[in-house]
Amino acid sequence: MLEANKWFTEVYPKDGAALSIAVKAKLHEEQSAFQHLEIYDTEAFGKLMVIDGCTMVSSRENFLYHEMMTHPVLYTHPNPKTVWIIGGGDCGSLKEVLRHPEVESAVQIEIDERVTRLAEDYFPELCESNSDPRAQLLFIDGIQWVKDAPDGSVDVIIVDSTDPVGPAEGLFNEAFYRQCLRCLRPDGILAQQSESPLFHLSLIDSMRNTMKAAGFTNTRTLFFPQFIYPTGWWSGTLAGKGDLTRFREADARAKPFATRYYNADIHRAAFVAPEFFRQALGQD
Ligand code: AG3
């Protein structure tokens, strides 16, 4: 018999499903100024961070998300020198971005400083590049940051947010995308986590339409597994004015750092859309 209190469960009420992870102990719990934060020690997934009841990061498999939210967009961009990460407080995306030697500056703009402080305590491996001289960690509202930033001041913006409810809601609308487009240089690319292709197809559709309404000419969605997120299958969506099928393949094949999921063949494969997705949303 399994005891109820041995399990962390995230319920997806609209989808008639739930995910449970066996836990050894709850290590931390607090209400920050923005959200409810929990850290668990789990039986099989290492540490687990939960925000407002939603799984965010596990030690065992966060590499999938963090590699796929960073390397595909950075090897699509012809020459990414400056990168902003909106959200991403656990610092996992920042760490992957900084593996690229051509990146000269990476700014993480996280609204909730407590997420980063907890990551430093419980996921130190994600924070190991925080003291890189190219890194800047800001604890301010990303929406305000893009509003205030000068035109054409960044090459890649990565939106590494929670689900589009609560503090992250304003990161999925036309006004935000317009500001991102204004801040991007001509070859610039916006990359945003875009939820589950199976559960959230209409969200992905509306994100892509909203990106286009904001002035981006091209969008492209990529797919990757993520066990702890709804359906275990996740996506990221790129938006740009340039050709998003470009790929610095030779650079990706010769990447000067190790990865556990991403490689040049995964890059090509990840952008291949399943049939139901193409039928609903079109080819790109
Ligand atoms: N950001 C996407 C998390 C979405 C999870 N949703 C859920 N469990 N319902 C993850 C942040 C990693 N840096």
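A pocket is here an open set of points, on a 1 Å grid over the protein atoms alone, with protein on both sides within 12 Å along at least five of seven lines, and lining residues have an atom within 4 Å of a point. The volume is the space filled by probe spheres set on the points, which are joined across faces, edges and corners. The lining of the second largest pocket comprises 16 residues, of which Lys-14, Asp-15, Asp-163, Glu-195 and His-200 lie nearest its centre. Strand S1 (residues 7-12) gives the most to this lining, with 3 residues. By class, 9 nonpolar, 2 polar and 5 charged residues are present; Ala, Val, Leu, Ile, Met, Phe, Trp, Tyr, Cys and Pro count as nonpolar, Asp, Glu, Lys and Arg as charged, and the others, Gly among them, as polar. Because domain 1 (7-58) and domain 2 (62-281) both give residues to the lining, the second largest pocket lies between them.

Residues are numbered from 1 along each chain as its sequence is written, and side-chain values use heavy atoms, with hydrogens and water left out. As the model is predicted, local features need pLDDT of at least 70 and side-chain atom pairs count only at pLDDT 80 or more, whereas totals for chains, interfaces and linings use all residues.

The largest pocket holds about 450 Å³ of space and is lined by 33 residues, with Gly-87, Gly-88, Asp-160, Ser-161 and Thr-162 nearest its centre. Its lining divides into 16 nonpolar, 11 polar and 6 charged residues. Strand S5 (54-58) is among the elements that supply at least two residues, as are helix H1 (62-68), S6 and H5; helices (H or I, at least four residues) and strands (E, at least two) are DSSP runs numbered from the N terminus. The greatest contribution comes from S5, with 4 residues. The largest pocket also receives residues from both domain 1 (7-58) and domain 2 (62-281), so it lies between them; the domain bounds come from an automatic or database domain assignment.

One cavity of 30 Å³ or more was found in a search of the whole structure, a cavity being a set of grid points where a 1.4 Å probe fits but cannot get out. The largest cavity contains about 30 Å³ of space.

The whole structure contains 12 aromatic pairs, defined by ring centres of Phe, Tyr and Trp (its six-membered ring) within 6.5 Å, with planes under 30 degrees apart counted as stacked, over 60 as edge-to-face and the rest as tilted. Trp-84 and Trp-145 form an edge-to-face pair, at 5.5 Å centre to centre and 75° between the planes. Trp-84 lies in strand S6 (residues 82-87) and Trp-145 in helix H5 (residues 142-148), so this pair ties together parts that are 61 residues apart in sequence. Trp-84 is buried, with a relative accessible area of 6%, whereas Trp-145 is partly exposed, at 22%; buried means under 20% relative accessible area, exposed over 50% and partly exposed in between (1.4 Å probe, protein chains only). The rings of Phe-176 and Tyr-177 have centres 6.1 Å apart and planes at 55°, so that pair is tilted. Both Phe-176 and Tyr-177 are buried.
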